[in-house]
Amino acid sequence: MRSPAVILLIIFLCSCERIYYFPDKPLTGTQTVVIAHKGGGFFDDGNTYDGCMFGLANFEGIEVDLQKGSDNVLWLSHSPYATDCNGSQICFWLLSKEKIMEMDSCAGKQKDFTRLEEIFKYISEHCPGKYISLDVKAWKPCSPYGINITREMNLLAQEIIDLTTKYHLEHRVMVESETGDFLYYIKVRTNSIETYQAVFGDFEMGISRALHAGFTGVSFEYKFKEEITKEQVELIHRKGLKIQLWTIGDEAVLKEALSLNPDFIQSDIVMSANGQEE
């Protein structure tokens, strides 16, 4: 009778069968970088200028969520909706920079609409060694009618490329998304931005997609549908891919995640250099 350890090893090898077809391109000298989820971890509701300032001061980088306005200006927001001065929700893609700034003014301290360019400018001038990961959700407009989704996402991708070049943040910007075509647009136009296939619990599928497309790696939701092991992270690195793990808001889980040696961890917890919570 096989032991549980042997059974688990067989399951692991079978689940990764497709990945083994790809040639080895080992990454060397990998080190884990902890970045602040939503800009500032638990600092505030997330995706705000103040939150990003906290995150950049206390972490090795930040992760933010993006939305695109009607004039291709990129804004920090997890939701595709913005709330106007009357409390109504309007899609970001229908709003110009001027309209959003007007809404920001009337909202006072209740809302902070922050442009990605503001954050890029700050990083470039004050902490060019920090990382920023841009989370671009699969396109979910308020109404799919009258909009060319592929065109809109390509415009969003091009704006990220242009801002990265403008503020000299090459090799410090990462983009993660479920949408492979969007990531591929970036990949074929620049080698200075890292691309990560977002994965929600299906390790084999996510890694296979990243390898087929030639992306930098995967962005994996930690402890969601599927556990990830140190052996799997080592396999990813052996195939030349990187991995981001998200989102970790518990000290014990963070220490566990650090032991796997991923490339990036998106966390809500500020940790000191010796691994203790601050």
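Against which strands and which helix do the buried residues of H7 pack?

Reply: This is a predicted model, in which local features need pLDDT of at least 70 and side-chain atom pairs count only at pLDDT 80 or more, while totals for chains, interfaces and linings use all residues. Residues are numbered from 1 along each chain as its sequence is written, and side-chain values use heavy atoms, with hydrogens and water left out.

Helix H7 spans residues 180–189, and its buried residues are Phe182, Leu183, Tyr185 and Ile186. Viewed down the axis of H7, these buried residues fall within an arc of 150 degrees, so they line one face of the helix; the arc is taken from the directions from the helix axis to the C-beta atoms. Buried here means under 20% relative accessible area, exposed means over 50%, and partly exposed lies in between (1.4 Å probe, protein chains only). The partners of the buried residues of H7 are strand E6 (131–136), helix H6 (149–166), strand E7 (173–177) and strand E8 (193–199). Contact means heavy atoms within 4.5 Å. Helices (H or I, at least four residues) and strands (E, at least two) are DSSP runs, numbered from the N terminus.

As for the setting, the chain has ten helices and eleven strands, and 47% of its 278 residues count as buried. Among the contacts in the chain with a separation of 6 or more, 59% are between residues 24 or more positions apart.

The cysteines may be considered next. One disulfide is counted, a disulfide being a pair of cysteine sulfur atoms within 2.5 Å. Cys85 is joined to Cys106, with an S to S distance of 1.5 Å. Cys85 lies in the loop between strand E4 (81–83) and strand E5 (89–91), whereas Cys106 belongs to helix H4 (residues 97–107), so the pair, 21 residues apart, links distant parts of the chain. The link of Cys85 and Cys106 is left-handed, with -95 degrees about the S-S bond. Cys85 is partly exposed at 42% relative accessibility, and Cys106 is partly exposed with a relative accessible area of 42%. Cys52 is buried at 0%, and Cys127 is buried at 12% relative accessibility.

The chain averages a pLDDT of 88, and 87% of the residues score at least 70; pLDDT is the predictor's confidence in each residue, from 0 to 100. Over residues 4–15 pLDDT stays under 50, and the model has eight contacts beyond four places in sequence for them. Residues 272–276 also have a pLDDT below 50, with five contacts in the model beyond near neighbours in sequence.
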